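Here is a short briefing on charge pairs and strand pairing. Please keep the sequence and the model in view as you read.

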Amino acid sequence: MNVTTRTEGGSMDGGRPATKRLWRWRDNPLRRRDDILEAWIMLAVWAVIAVGGTVIGLMTAHAADEVFARQRAERHSVRAVLLDNVPRNVTGDGAAGDRITARVRWTGPEGSTHTDEALVESGLKAGTRTVIWTDGRDEITAEPLTPMEASIEAGALATVAALAFAGIAFGAGTLARWRLDRRRIDQWGTDWDLVGPRWGHRTG
(Lines give C-alpha, C1' and ligand atoms only; values in the text may rest on other atoms or scores of the structure.)
Protein backbone atom coordinates (compact mmCIF):
# COMPACT_ATOMS: atom_id res chain seq x y z
CA MET A 1 0.00 0.00 0.00
CA ASN A 2 1.36 3.41 -0.98
CA VAL A 3 1.69 5.86 1.86
CA THR A 4 1.97 9.57 1.17
CA THR A 5 4.20 11.41 3.61
CA ARG A 6 3.03 14.85 4.60
CA THR A 7 5.21 17.55 6.06
CA GLU A 8 4.34 19.38 9.23
CA GLY A 9 1.49 21.74 8.45
CA GLY A 10 -0.26 19.31 6.09
CA SER A 11 1.50 20.02 2.75
CA MET A 12 3.10 17.27 0.70
CA ASP A 13 6.62 18.15 -0.45
CA GLY A 14 5.24 21.49 -1.63
CA GLY A 15 8.10 23.44 -0.12
CA ARG A 16 10.91 21.42 -1.65
CA PRO A 17 11.18 23.26 -4.97
CA ALA A 18 11.29 26.61 -3.19
CA THR A 19 13.79 25.26 -0.67
CA LYS A 20 15.92 23.93 -3.49
CA ARG A 21 15.93 27.30 -5.22
CA LEU A 22 16.90 29.11 -2.02
CA TRP A 23 19.65 26.75 -0.88
CA ARG A 24 22.37 29.27 -1.76
CA TRP A 25 21.04 31.62 0.93
CA ARG A 26 21.23 29.00 3.71
CA ASP A 27 24.25 27.79 5.62
CA ASN A 28 25.52 24.70 3.89
CA PRO A 29 28.92 23.00 4.18
CA LEU A 30 28.86 22.40 0.40
CA ARG A 31 28.11 26.01 -0.44
CA ARG A 32 31.00 27.89 -1.98
CA ARG A 33 31.74 31.57 -2.35
CA ASP A 34 30.78 31.41 -6.02
CA ASP A 35 27.36 30.03 -5.06
CA ILE A 36 26.73 33.06 -2.86
CA LEU A 37 28.01 35.34 -5.60
CA GLU A 38 25.65 33.70 -8.09
CA ALA A 39 22.68 34.24 -5.77
CA TRP A 40 23.53 37.93 -5.41
CA ILE A 41 23.99 38.29 -9.17
CA MET A 42 20.56 36.86 -9.94
CA LEU A 43 18.96 38.98 -7.22
CA ALA A 44 20.62 42.07 -8.71
CA VAL A 45 19.52 41.08 -12.23
CA TRP A 46 15.86 40.74 -11.24
CA ALA A 47 16.01 44.00 -9.28
CA VAL A 48 17.52 45.80 -12.28
CA ILE A 49 14.88 44.31 -14.58
CA ALA A 50 12.03 45.33 -12.28
CA VAL A 51 13.24 48.86 -11.52
CA GLY A 52 15.18 49.65 -14.67
CA GLY A 53 12.55 48.17 -16.99
CA THR A 54 9.86 50.28 -15.35
CA VAL A 55 11.95 53.46 -15.58
CA ILE A 56 12.92 52.81 -19.20
CA GLY A 57 9.31 52.10 -20.12
CA LEU A 58 8.02 55.27 -18.46
CA MET A 59 10.74 57.41 -20.03
CA THR A 60 10.05 55.95 -23.47
CA ALA A 61 6.30 56.50 -23.14
CA HIS A 62 6.85 60.10 -21.99
CA ALA A 63 9.26 60.85 -24.84
CA ALA A 64 6.88 59.32 -27.40
CA ASP A 65 3.96 61.33 -26.02
CA GLU A 66 5.99 64.53 -26.39
CA VAL A 67 6.90 63.69 -29.99
CA PHE A 68 3.31 62.89 -30.95
CA ALA A 69 2.02 66.02 -29.19
CA ARG A 70 4.57 68.15 -31.05
CA GLN A 71 3.50 66.59 -34.34
CA ARG A 72 -0.15 67.41 -33.63
CA ALA A 73 0.83 71.00 -32.83
CA GLU A 74 3.06 71.50 -35.88
CA ARG A 75 1.04 69.70 -38.54
CA HIS A 76 -2.19 71.09 -39.93
CA SER A 77 -4.60 70.15 -42.68
CA VAL A 78 -5.04 72.28 -45.80
CA ARG A 79 -7.26 72.12 -48.85
CA ALA A 80 -5.41 71.23 -52.04
CA VAL A 81 -6.41 70.86 -55.70
CA LEU A 82 -5.54 67.86 -57.85
CA LEU A 83 -3.54 68.84 -60.93
CA ASP A 84 -3.98 65.57 -62.82
CA ASN A 85 -6.52 62.82 -63.11
CA VAL A 86 -5.90 60.07 -60.57
CA PRO A 87 -6.37 56.59 -62.06
CA ARG A 88 -8.21 53.98 -60.07
CA ASN A 89 -5.62 51.88 -58.32
CA VAL A 90 -6.44 48.20 -58.74
CA THR A 91 -4.58 45.64 -56.64
CA GLY A 92 -3.56 42.18 -57.74
CA ASP A 93 -6.76 40.60 -56.44
CA GLY A 94 -8.94 42.98 -58.47
CA ALA A 95 -9.93 45.20 -55.56
CA ALA A 96 -9.65 48.96 -55.82
CA GLY A 97 -6.82 50.49 -53.82
CA ASP A 98 -7.48 53.30 -51.36
CA ARG A 99 -4.79 55.90 -52.06
CA ILE A 100 -2.29 56.75 -54.75
CA THR A 101 0.37 59.44 -55.25
CA ALA A 102 -0.66 62.46 -57.33
CA ARG A 103 0.39 66.08 -57.91
CA VAL A 104 -1.48 68.67 -55.90
CA ARG A 105 -1.38 72.46 -55.44
CA TRP A 106 -2.20 74.38 -52.29
CA THR A 107 -1.82 77.80 -50.77
CA GLY A 108 0.20 78.12 -47.59
CA PRO A 109 -0.70 80.24 -44.54
CA GLU A 110 1.53 83.05 -45.79
CA GLY A 111 -0.30 83.10 -49.13
CA SER A 112 2.35 81.43 -51.29
CA THR A 113 1.40 78.65 -53.71
CA HIS A 114 3.03 75.23 -53.44
CA THR A 115 3.04 72.19 -55.69
CA ASP A 116 4.08 68.69 -54.66
CA GLU A 117 3.00 65.05 -54.65
CA ALA A 118 0.71 63.64 -51.98
CA LEU A 119 -1.29 60.51 -51.30
CA VAL A 120 -4.90 61.01 -52.39
CA GLU A 121 -7.88 58.77 -52.99
CA SER A 122 -7.74 56.91 -56.26
CA GLY A 123 -10.23 57.54 -59.07
CA LEU A 124 -10.43 61.34 -58.64
CA LYS A 125 -10.28 63.82 -61.49
CA ALA A 126 -8.13 66.90 -61.97
CA GLY A 127 -9.54 69.93 -60.21
CA THR A 128 -10.99 67.91 -57.34
CA ARG A 129 -10.31 69.36 -53.92
CA THR A 130 -8.71 67.12 -51.33
CA VAL A 131 -7.25 67.44 -47.85
CA ILE A 132 -3.52 67.12 -47.25
CA TRP A 133 -1.33 67.63 -44.17
CA THR A 134 1.67 69.97 -44.01
CA ASP A 135 4.29 70.66 -41.37
CA GLY A 136 5.80 73.87 -40.00
CA ARG A 137 7.88 74.32 -43.18
CA ASP A 138 4.74 74.00 -45.30
CA GLU A 139 5.87 70.66 -46.69
CA ILE A 140 3.60 67.66 -47.15
CA THR A 141 3.74 65.20 -44.29
CA ALA A 142 1.71 62.35 -42.82
CA GLU A 143 -1.40 62.95 -40.78
CA PRO A 144 -0.53 63.05 -37.05
CA LEU A 145 -1.83 60.41 -34.69
CA THR A 146 -4.91 61.17 -32.65
CA PRO A 147 -4.44 61.34 -28.86
CA MET A 148 -5.89 57.84 -28.53
CA GLU A 149 -3.67 56.41 -31.28
CA ALA A 150 -0.67 58.21 -29.77
CA SER A 151 -1.35 56.66 -26.34
CA ILE A 152 -1.53 53.18 -27.85
CA GLU A 153 1.65 53.73 -29.87
CA ALA A 154 3.50 55.17 -26.85
CA GLY A 155 2.44 52.18 -24.75
CA ALA A 156 3.66 49.76 -27.41
CA LEU A 157 7.02 51.55 -27.68
CA ALA A 158 7.36 51.57 -23.89
CA THR A 159 6.69 47.83 -23.73
CA VAL A 160 9.27 47.11 -26.43
CA ALA A 161 11.86 49.28 -24.68
CA ALA A 162 11.24 47.63 -21.31
CA LEU A 163 11.46 44.14 -22.83
CA ALA A 164 14.65 45.04 -24.68
CA PHE A 165 16.21 46.34 -21.45
CA ALA A 166 15.09 43.22 -19.59
CA GLY A 167 16.62 41.03 -22.28
CA ILE A 168 19.96 42.83 -22.04
CA ALA A 169 19.99 42.62 -18.24
CA PHE A 170 19.00 38.94 -18.24
CA GLY A 171 21.62 38.19 -20.90
CA ALA A 172 24.30 39.88 -18.79
CA GLY A 173 23.23 37.83 -15.75
CA THR A 174 23.26 34.61 -17.78
CA LEU A 175 26.76 35.41 -19.03
CA ALA A 176 27.94 36.03 -15.48
CA ARG A 177 26.43 32.71 -14.32
CA TRP A 178 28.11 30.91 -17.23
CA ARG A 179 31.49 32.31 -16.21
CA LEU A 180 30.87 31.20 -12.63
CA ASP A 181 29.91 27.73 -13.85
CA ARG A 182 33.12 27.50 -15.86
CA ARG A 183 35.14 28.56 -12.83
CA ARG A 184 33.36 26.01 -10.61
CA ILE A 185 33.98 23.26 -13.14
CA ASP A 186 37.67 24.17 -13.27
CA GLN A 187 37.80 24.19 -9.46
CA TRP A 188 36.08 20.81 -9.25
CA GLY A 189 38.62 19.46 -11.74
CA THR A 190 41.47 20.77 -9.60
CA ASP A 191 39.95 19.28 -6.44
CA TRP A 192 39.46 15.94 -8.15
CA ASP A 193 43.09 15.90 -9.25
CA LEU A 194 44.01 16.14 -5.57
CA VAL A 195 41.41 13.75 -4.12
CA GLY A 196 40.98 11.25 -6.95
CA PRO A 197 44.39 9.56 -6.66
CA ARG A 198 43.82 9.01 -2.92
CA TRP A 199 40.52 7.27 -3.54
CA GLY A 200 42.10 5.14 -6.25
CA HIS A 201 44.89 4.16 -3.89
CA ARG A 202 42.40 3.11 -1.18
CA THR A 203 40.22 1.06 -3.52
CA GLY A 204 43.24 -0.58 -5.05
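Buried means under 20% relative accessible area, exposed means over 50%, and partly exposed lies in between (1.4 Å probe, protein chains only). This is a predicted model: local features need pLDDT of at least 70, side-chain atom pairs count only at pLDDT 80 or more, and totals for chains, interfaces and linings use all residues. Residues are numbered from 1 along each chain as its sequence is written, and side-chain values use heavy atoms, with hydrogens and water left out.

**Salt bridges: the count**

- Side chains of opposite charge can pair when their charged atoms come close.
- A salt bridge here is a side-chain nitrogen of Lys or Arg within 4 Å of a carboxyl oxygen of Asp or Glu.
- The model has 3 salt bridges by this rule.

**The pair Arg-103 and Asp-84**

- Arg-103 and Asp-84 form a salt bridge, with their closest N and O atoms 3.3 Å apart.
- This pair links distant parts of the chain, 19 residues apart.
- Arg-103 sits in strand β2 (residues 99–107), while Asp-84 lies in the loop between β1 (76–82) and β2.
- Strands (E, at least two residues) and helices (H or I, at least four) are DSSP runs, numbered from the N terminus.
- Arg-103 is partly exposed, at 37% relative accessible area.
- Asp-84 is partly exposed too, at 35%.

**The network around Arg-137**

- Salt bridges link Asp-135, Arg-137 and Glu-139 in a network.
- Between Arg-137 and Asp-135, the closest N and O atoms are 3.9 Å apart.
- Between Glu-139 and Arg-137, the N to O distance is 3.7 Å.
- How accessible is each member? Arg-137 is exposed, with a relative accessible area of 64%.
- Asp-135 is buried, at 13%.
- Glu-139 is partly exposed, at 40%.

**The sheet**

- Strands of a sheet pair through backbone hydrogen bonds, either parallel or antiparallel.
- Two strands count as paired if DSSP finds at least two bridges between them.
- Here 5 strands make an open sheet with antiparallel pairing, in the order β3-β2-β1-β4-β5.
- β3 (113–121) and β5 (140–141) are the edge strands; each has a single partner strand, so one side of each is left without a neighbour in the sheet.
- Strand β4 (residues 129–134) runs antiparallel to β5, and 2 bridges join them.
- Thr-134 stands opposite Ile-140 in β5.
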